[in-house]
Amino acid sequence: MTTTTTPATAPAQGTEEIKDAGHVDVLIVGAGVSGIGAAHHLRDQFPDRTFVVLDAQDNRGGTWWTLRYPGVRSDSDLFTYGYRFKPWRGPSIAAGEEILAYLDEVIDEDGLGRHIRYLHQVTAASWSSENRRWTVEVIQGDTGRQLRFTTGFLWMCPGYYNHAKPYQPQWEGMDRFQGVIVHPQRWPEDLDLAGKRVVVIGSGATAATLIPAIAGKAEHVTMLQRSPSYFYAPPATHELAVTLRALDIPEEWTHEILRRQYISQQSWLARTSLEAPGELHEFLMESMRPLLPEGFDVDKHFTPRYRPWQQRIAVVPGGDLFAALREGKASIVTDTIETFTEHGIKVSSGEEIPARIVVTATGFNLSVLGDVVFTVDSEPVDFTQRVTWRGIMINGLPNMAYVFGYFRHSWTLRVDLVSDLVCRLLAKMQEKHAEMVVPALRPQDTDMQLRPWCDPENFNAGYVMRSQHILFKQGDRDPWTHMHEHEQEREILPEADLADGTLVYR
């Protein structure tokens, strides 16, 4: 692909001028973990190709820049959440600030800073088969100016949730509550917790992270959950990491050894959740009991209604959530909300939980490819009528790939695998002298049964189930399926046949 600059577009009558921002070989949307990883692989394998990374936020990091609530940290180990190419040197579970510092190192070492444009909100992407390129419409967040980029290949890496609009249920009486209601995705910097009773609504990873972080500041913290989640309490620092570092061996060796160990552990958990869910349930329950207060009602407060890994298992390194319960700084109420009152929340049992601050750790809203409006040859793209190609491309959308990570393994493990395949695809296009590649259903696929984006029997987290109606589909056969485990994809994706007839090159 060559670099060109197209002339500025003349403004339509009565509209603001759209400024031409030039042409790049590859345009990456998103400067979070996915986008930075994609940019690294692209720069590494195609050093002569031009590219730009656009992000709507005012800084890098995606999730780790958006979330500022106390104690925010990874719920995956950093030896697998970190990139394959960049050794992780810190503790197994890391705080948001440490992850941002790690991403900064990648940006600096790869010289990616000059390619990233912040406050660039991508709003629309239009493909022209005649011109063999995407036209990408952008709004600059600080100036409101409209920009227009063109690119030969569009790589969507915006993550999977809406950074601007968290999921915020509405309950009766919220308007009469005299305290403060906060969503973790919009945590105020000046929120004073000292001496106040706090109710955290929710039982997932956010609640499990937040509660131990604020339990020492607030008068008391109550976790109010409609139903329990699974929890796992590994050590914050892996014992093997301590041993290896004491031997003063190269960090690259430590990283690779720990990475393989954690992958093996994650694969065992994922496999056991499907093959022997009862065994995994007992393992998780028994690992918690010694860490809880004596006589704690485990059946009521820690026994989920679903099998292990049908939703994410919340990681509490060192059992810090359980320590807050043992010390009496936190408690759990398992019930449904009847109404907010002036001074707290009344649940269905009739109990009123006093609160001056309520934190709605109720999750987020899924976003379909950053909510960008797509058209192909002037026809709007209805994603609900499309099907995925290996969880990387969409049928009928030329020269477009996306990154979506794992639920049961670290997200970034798939970033590396997907980037490998996309770069292999770009090389195949170059080999074929093709300017266009598009996934297309074969004759034998035309009557293929279309299945939901995610099978609820496989994974049924609330944010996924709430969004099924806006998401693209998957088929009943390869390569039109996704949501595979890393144990499978680490073998499948590197061997994927790019000339099997499901990709059309022109």
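Q: How many bridges join strand β8 to strand β9?
A: The model is predicted, so to speak of local features pLDDT of at least 70 is needed, and side-chain atom pairs count only at pLDDT 80 or more, while totals for chains, interfaces and linings use all residues. Residues are numbered from 1 along each chain as its sequence is written, and side-chain values use heavy atoms, without hydrogens and water. Strands are DSSP runs of E with at least two residues, helices runs of H or I with at least four, both numbered from the N terminus, and two strands pair if DSSP finds at least two bridges between them. Strands β8 (residues 197-201) and β9 (residues 220-225) run parallel, and the number of bridges joining them is five.

Q: Which strands stand at the edges of the open sheet of five strands?
A: The pairing is parallel and the order is β7-β16-β8-β9-β12.

Q: What radius of gyration does the chain have?
A: The rule for a globule is 2.2 Å times the number of residues to the power 0.38, with the radius taken over C-alpha atoms. For 506 residues a compact globule would come near 23 Å, and the chain agrees with this at 24 Å.

Q: What share of the residues is buried?
A: Buried means under 20% relative accessible area, with a 1.4 Å probe and protein chains only. Of the 506 residues in the chain, the buried share is 55%.

How values were computed:
Buried means under 20% relative accessible area, exposed over 50%, partly exposed in between (1.4 Å probe, protein chains only).
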